[in-house]
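Dear colleague,

Please find below the structure that I am handing over to you. My findings follow it.

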Amino acid sequence: MPAIVIVGAQWGDEGKGKATDLLAGRIDFVVKFNGGNNAGHTVVVGDEKYALHLLPSGILTPGVTPVISNGVVIDLEVLFEELDALSARGVDVSKLKVSSHAHVITHYHRTLDKVTERFLGKRQLGTTGRGIGPTYADKINRVGIRIQDLFDENILRQKVEGALDIKNHLLVKVYNRRAITVDEIVEDLLSYRDRLAPMVTDTALLLSTALDEGKTVVFEGGQATMLDVDHGTYPFVTSSNATAGGASTGSGVAPWRLDTIVGIIKAYTTRVGSGPFPTELHDDSGEWLRQRGGEFGTTTGRPRRCGWFDVPIARYTTRINGVTDYVLTKLDVLTGLEQIPVCVAYDVDGTRWEEVPWSQSDFHHATPILENFPGWSEDISGARHFSDLPQNAQDYVLALEKMMGQRISVIGVGPGRDEVIVRHDLLDNGT
Ligand code: GDP
Ligand code: IMO
Ligand code: MG
């Protein structure tokens, strides 16, 4: 039965939220399996616009059970703020389930995220400042606080003590900040306990049982392949596995059960924060894409860096995730360009590279080898069938599909729920 993974194919903000929302009317569960409130997914439903950070986008559809699984890091204040804001707009959030194994972002994680970035100066990563990195660091370092710890006050206190021991030295002696007390953290976390209690469960068991019963589950990735801590442009990455493998470790659902892997890819490329970006445009074309595409961060409001479509990255994404289908978003944004440049390979210090270089230093030096495709000027936002697209737009899509090595099943022609062309049904992969 279908378990569908949605992953970002580039550096985030490809339109994953909209893609999940597109499926939501036909699915039973939607799972956020990685990251935290560093994510920002905008979903437009009619005249209403929703910005989701910690909750999976599928929560907007009545009947779907949203799940925050073990791989996520949770800022409880943000969780309840987001739930309250959605409830106030009439969204039913009562079905939400939260993993007992998920880790908790506390005040000291947020503080450490910000002071570390400040300390790095010019070498900063440009994080979202939400405490994501320090919380995952604690998880791997085995000094993290988990959701289940809130239900055993003694254990919680001991763990917070253990975690703060070294951190307070760091905060006071290195970063010149005030020490954080165990009491203030414990008190803060316990204030959420009663409201959280009915949501907490073994989400791995819940999801595996659901799949056994023939239910449909969508795993909605945050961030993206090039921001993955293992496969992205390290150290300019987030701290979780945003690739398809993360859907399994981050949810406790066995890898063999994930049968459709959907890569969400923009018809051009954007990136927020620092790090290499071979096709980045520093000229008027970059500004044109930013304005036309509304490329400003959903989470931090920062202007996104913009560049042309990058085929080596798309092929890398196809391979690392085992993408079975692509959703190509924002094709409409390219309308009006006479020529559309596409990066087909890199020049690295005089050598042509077809693949993403394995050395980060080489990737920093990579310049794009561009090929031009003829553009179109017709408004395509009303297109609902592939044949409705102007010939040049069809040719652009077919050329990308061929170079990426996997089919483009859905094409986005506008931000609205209905502004899509479906070529192949993502819920029916033919197996
Ligand atoms: P996510 O983080 O991957 O969910 O993406 P974001 O929500 O951060 O950014 C994608 C933006 O593009 C949002 O504002 C969407 O409403 C918008 N969007 C998604 N698909 C399309 C599309 O096909 N065309 C246009 N014009 N906008 C789109
Ligand atoms: P969605 O899910 C784009 C980037 C940050 C920074 C780096 C590390 O909306 O696609 P972090 O706070 O995670 O430690 O920051 O990762 N980043 C994102 N960029 N979209 C996102 O999420 C992002 N989440 C993190 O800008 O460069
Ligand atoms: Mg986003």
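A salt bridge is taken here as a side-chain nitrogen of Lys or Arg within 4 Å of a carboxyl oxygen of Asp or Glu. By this criterion, Asp21 and Arg417 form a salt bridge, with their closest N and O atoms 2.6 Å apart. The pair links distant parts of the chain, 396 residues apart: Asp21 belongs to helix 1 (residues 16-24), and Arg417 to the loop between strand 19 (408-412) and strand 20. Helices (H or I, at least four residues) and strands (E, at least two) are DSSP runs, numbered from the N terminus.

The model is predicted: local features need pLDDT of at least 70 and side-chain atom pairs count only at pLDDT 80 or more, while totals for chains, interfaces and linings use all residues. Residues are numbered from 1 along each chain as its sequence is written, chains are lettered from A and ligands numbered from 1 in the order in which they are written, and side-chain values use heavy atoms, with hydrogens and water left out.

Salt bridges

The whole structure contains 23 salt bridges. Relative accessible area sorts their residues into buried (under 20%), exposed (over 50%) and partly exposed (in between), with a 1.4 Å probe and protein chains only. Asp21 is buried at 4%, whereas Arg417 is partly exposed at 30%. Glu280 and Arg305 form another salt bridge, their closest N and O atoms being 2.9 Å apart. Glu280 lies in the loop between strand 12 (269-271) and helix 10 (284-293) and Arg305 in strand 13 (residues 305-307), so this pair ties together parts that are 25 residues apart in sequence. Glu280 is buried at 19%, and Arg305 is buried at 18%.

An open sheet of 10 strands has mixed pairing and the order 9-7-5-2-10-1-11-15-19-20; two strands pair if DSSP finds at least two bridges between them. Strand 9 (200-201) and strand 20 (420-422) are the edge strands, each pairing on one side only. Strand 11 (residues 260-266) and strand 15 (residues 325-329) run parallel and are joined by five bridges.

Ligand 1

Ligand 1 is surrounded by 19 residues, the closest being Lys16, Gly40, His41, Thr42 and Asp332; a residue counts if one of its heavy atoms lies within 4 Å.

Yours sincerely
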